[in-house]
Amino acid sequence: MNTKIIKVLLALVVMQACAKVPITKRKQVNLLPESELMNMSLTEYRSFLSKNPPVSNSDPNAMMVKNVGGKIQTSVIKFMAEQHLAKRIAGYKWEFNLVNSPEANAWCMPGGKVVVYSGLLGITQDEASLAFVMGHEIAHAVARHGNERMSQGLLQQLGGVALNVALSTKAAETRNLFLGAYGAGSTLGILKFSRTHESEADKMGLIFAAMAGYDPSKAITFWQRMSSQGGAKPPEILSTHPSDASRIADIKAFLPTAMKYYKAN
């Protein structure tokens, strides 16, 4: 098959794989079956927890993570149903775990596997701030930002091969793409979502947290605390995230929309 035909077929595949991100309605290309990514995420998630055992449920902080996560889970399911997008999170088997680590970090894999690092709690300081972090990370998964990044990686680095082919012929490279796309496993903290992805996750996370009963206006002071941590070296969760005044300004501009979803508990 010549190069021209391959390019035409690839273009057709990309067109068929176009979807729209909830809220922003931005068009995105997700070439990979979400079900396969969920299977990969479960393997990596179990591997991570085997090396980093979750904090016991008898610990108040661990219970706080689970309680906040449960509320956001409910809000995500409700929001997606109202938007006729329930299929986007079909098959999610939610889990929320706290692990002992000095890093100020958190992530969410496809399928709703959420991990919060204990080092983050010194910065969040309260449930509302934790809710915005968890909502933001969950939003990345719901928006399928990782799928989008992996699709780009497969196109650029592995020649656009199917995921099952990539796994069988270039397993190490594919696993690194996955870990890099979701910021988990052996490459913790290397997550490099674009400014567009971050803005989308901020907006979606604000809505998810607001629907869970957390005042969206408190997100401003939280992000200010986050961006001021560590002097020249920001917390791991912000190491590749925009943390300047423009981000705060964007959140402030979106607050009126987020407040429409807020009902105090």
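In the hairpin of strands E4 and E5, three residues sit between the strands, and Gly111 takes a positive phi near 95°. This is a predicted model.

**The hairpin**

Strand E4 covers residues 106-109. Strand E5 covers residues 113-117. The two run antiparallel and are joined by four bridges. Met109 has Lys113 of E5 as its bridge partner.

Which residues of E4 lie on each side of the strand? Ala106 and Cys108 are on one side, and Trp107 and Met109 are on the other. In a regular strand, side chains alternate between the two faces of the sheet. In E4 both faces are covered, and all four of these residues are buried.

**Salt bridges**

The structure holds seven salt bridges.

| Pair | Distance |
|---|---|
| Arg26 and Glu148 | 2.8 Å |
| Arg26 and Glu200 | 2.6 Å |
| Arg144 and Glu34 | 3.7 Å |

Start with Arg26 and Glu148, which form a salt bridge. Arg26 lies in the loop between strand E1 (18-20) and strand E2 (27-29), while Glu148 lies in helix H6 (residues 145-157), so this pair ties together parts that are 122 residues apart in sequence. Is Glu148 buried or exposed? Its relative accessibility is 6%, so Glu148 counts as buried.

Arg26 also forms a salt bridge with Glu200. Glu200 is in helix H9 (residues 195-211) and Arg26 is in the loop between E1 and E2, so the pair ties together parts that are 174 residues apart in sequence. Glu200 has 2% relative accessibility and therefore counts as buried.

The side chains of Arg144 and Glu34 meet in a salt bridge too. Arg144 lies in the loop between helix H5 (127-142) and H6, and Glu34 lies in helix H2 (residues 34-51), so this pair ties together parts that are 110 residues apart in sequence. Glu34 counts as buried because its relative accessibility is 9%.

Shared partners join Arg26, Glu148 and Glu200 into one network of salt bridges.

**Two crossing helices**

Two packed helices are described by the angle and the distance between their axes. The axes of H9 and helix H11 (residues 245-259) come within 10 Å and cross at roughly 40°. H9 and H11 are therefore oblique to each other. Their crossing is right-handed.

Which residues of H9 meet H11? They are Arg195, Glu198, Asp202, Lys203, Leu206, Ile207 and Ala210. On the H11 side, the residues are Ser246, Arg247, Asp250, Ile251, Phe254 and Ala258.

Methods:
Residues are numbered from 1 along each chain as its sequence is written. This is a predicted model: local features need pLDDT of at least 70, side-chain atom pairs count only at pLDDT 80 or more; totals for chains, interfaces and linings use all residues. Side-chain values use heavy atoms; hydrogens and water are left out. Buried means under 20% relative accessible area, exposed over 50%, partly exposed in between (1.4 Å probe, protein chains only). Two strands pair if DSSP finds at least two bridges between them. A salt bridge is a side-chain nitrogen of Lys or Arg within 4 Å of a carboxyl oxygen of Asp or Glu. Axes are lines fitted to C-alpha atoms, for helices over the stretch in contact, and angles run from 0 to 180 degrees between N-to-C directions. Angles under 35 degrees count as roughly parallel, over 145 as roughly antiparallel, 65 to 115 as roughly perpendicular and the rest as oblique. A crossing is left-handed if the near helix is turned anticlockwise from the far one by less than a right angle, and right-handed if clockwise. Contact means heavy atoms within 4.5 Å.
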